[in-house]
Amino acid sequence: MKKLLFFAATLLALTSMGHEYSSSYYAWLEDQQFEKADSVLTLWEQNTPDDPELYPARFNYWINKAVIATLLLSTDLDPRGEYLSLSDSSGNPAGTLSDHISWNDSILNLALTEIDRGIAAYPDRLDFLFGKAKAAAMSERWGTLAESMADVFDRCATTGYNNWTWTNCEPFDSAKQAVQEFAYEHLIEFFTNYDSITTYLGQPLSEKAADLFPDNIWIVNIAGGFALDCGNREKALEYFQAAHRIDPTDGIALANIAHITFLDGDTAQAVEIFRQIADDDSMDPELRESVRNTIEDITTPLTKMKKYAYFFSYLPEMASQIPQDAEYEYFMSDPYSINTGILRRNHELSPFTDEQIKAQKIDYNGTPIYVWTFPMPEECPLCLYVAFVPEKDKDGHRLITLEKSLFVPWVLGEAHQGSHSNFGEIDEPSSPEDFVNKFMPRISDSPEASLRINKTK
């Protein structure tokens, strides 16, 4: 574990190793002799209390104290980061052994407080901001990382790169290149974390970075990726087209242009662009193979799903699988993933376009409920509204429906695990909010509500 912990210390070591105290201080820190390191640091503070290098020194002390490192034995054959592969008696892969890092939050807060003091005292110290960002990234404090990156980008946009300093407050001539590398390193961390929180935080940062470095194809490409993930296909296309102009041989930009063209409904043009990549021997072999598979996939005819199956089989199944964590709300806040993306991967087509579905989040006594509004149904028992309601005492969501009826104008229902519950007649709601207010008291666990349920296969 020493190597791993010292790696963190080395990565975040922002002081000059030639300082009178720093050599012995970091030697003790490397050996995890925290009491001895603290003794040297105390002497350092007593004798040169105005030394700016004390801020990163104390920051590194708390960072290394905050790390909790253990060995993790797992059956995951390809975990993130470095790992040792393990085999069974037959030589077949059986698992992995890797370093697992967790953090003592209270001690980590001391580290961040210390580097914030340094940043306040020496706002030109780029290494202070980089160190704070690295600590936030390692501990997955995405909000803190976003704030640190925004501070760097905003400062560069306002004053340029000439005023940045580094160790011992000396001018830093390589600031522009360092900020480019810093931007891409952390944007990738946001982008590959694959949840709605990091996408939400990373998207505006990617725009700032692309404004600062419009000729950096990696940054422009990732800005396009964020825009696409946030549902802004027009902006994403602008970024990918800009990346293509920077380097017409870049397959990533071209593949994304083709992907957006396909999403916009022009399959023939998308296939033509994809084939440029597939037929180009200079392109990455893995990308070419992926593109060939994509061409086959998007040219396979789609089977249009029946509306009844969509409302009473497909949507309930999707609802039951959506976790209640906030990071998964995008499945309900934007119809694309469920209404188009997942179906297309199964070579199916929704009976509705994404534009025909209006999604709205309703807060009902602290419970987040998403309501989708559909076109006025012409047949029974199709739906005007469906509501994604968090399940009680377990993960997933229920799907509550407002259904057009043969015998009365509207009925309240629920489709779940192959069965249908009918809660009886309901007055037509005037809005999604009115729908939620009308149905929530009726789907409770009260005896009165349970008497209205009639399940049929």
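This is a predicted model: local features need pLDDT of at least 70, side-chain atom pairs count only at pLDDT 80 or more; totals for chains, interfaces and linings use all residues.
Which residue in β10 is the bridge partner of Thr 401?

**View 1. Strands β9 and β10 run antiparallel.** Strand β9 covers residues 397-404, and β10 covers residues 410-416. Five bridges join these two strands. In one of the views of this pairing, Thr 401 is shown with its bridge partner in β10, Gly 413.

**View 2. Six strands form an open sheet.** The strand order is β6-β7-β8-β9-β10-β11, with antiparallel pairing. At the edges lie β6 (358-364) and β11 (419-425), each of which pairs on one side only. From one strand to the next, the twist averages 25°. Strands of a sheet pair through backbone hydrogen bonds, in either a parallel or an antiparallel way.

**View 3. Helix α18 packs on the sheet.** This helix spans residues 432-439 and touches β6, β7 (367-373), β8 (383-390), β9 and β10. The direction of α18 makes about 45° with that of β6.

**View 4. Helix α11 comprises residues 233-246.** From its first C-alpha to its last, this helix of 14 residues reaches 20 Å, close to the 20 Å expected at 1.5 Å a residue. Ala 236, Tyr 239, Phe 240, Ala 242 and Ala 243 of α11 are buried. Seen down the helix axis, the buried residues of α11 fall within an arc of 155°, so they line one face of the helix. Glu 234 and Arg 245, on the other side of α11, are exposed.

**View 5. Other helices cover the buried residues of α11.** Among the elements that cover these residues are α9 (196-212), α10 (217-229) and α12 (251-263).

Conventions. Residues are numbered from 1 along each chain as its sequence is written. Side-chain values use heavy atoms; hydrogens and water are left out. Helices (H or I, at least four residues) and strands (E, at least two) are DSSP runs, numbered from the N terminus. The expected span of a helix is 1.5 Å times one less than its number of residues. Buried means under 20% relative accessible area, exposed over 50%, partly exposed in between (1.4 Å probe, protein chains only). The arc is that of the directions from the helix axis to the C-beta atoms. Contact means heavy atoms within 4.5 Å. Two strands pair if DSSP finds at least two bridges between them. Axes are lines fitted to C-alpha atoms, for helices over the stretch in contact, and angles run from 0 to 180 degrees between N-to-C directions.
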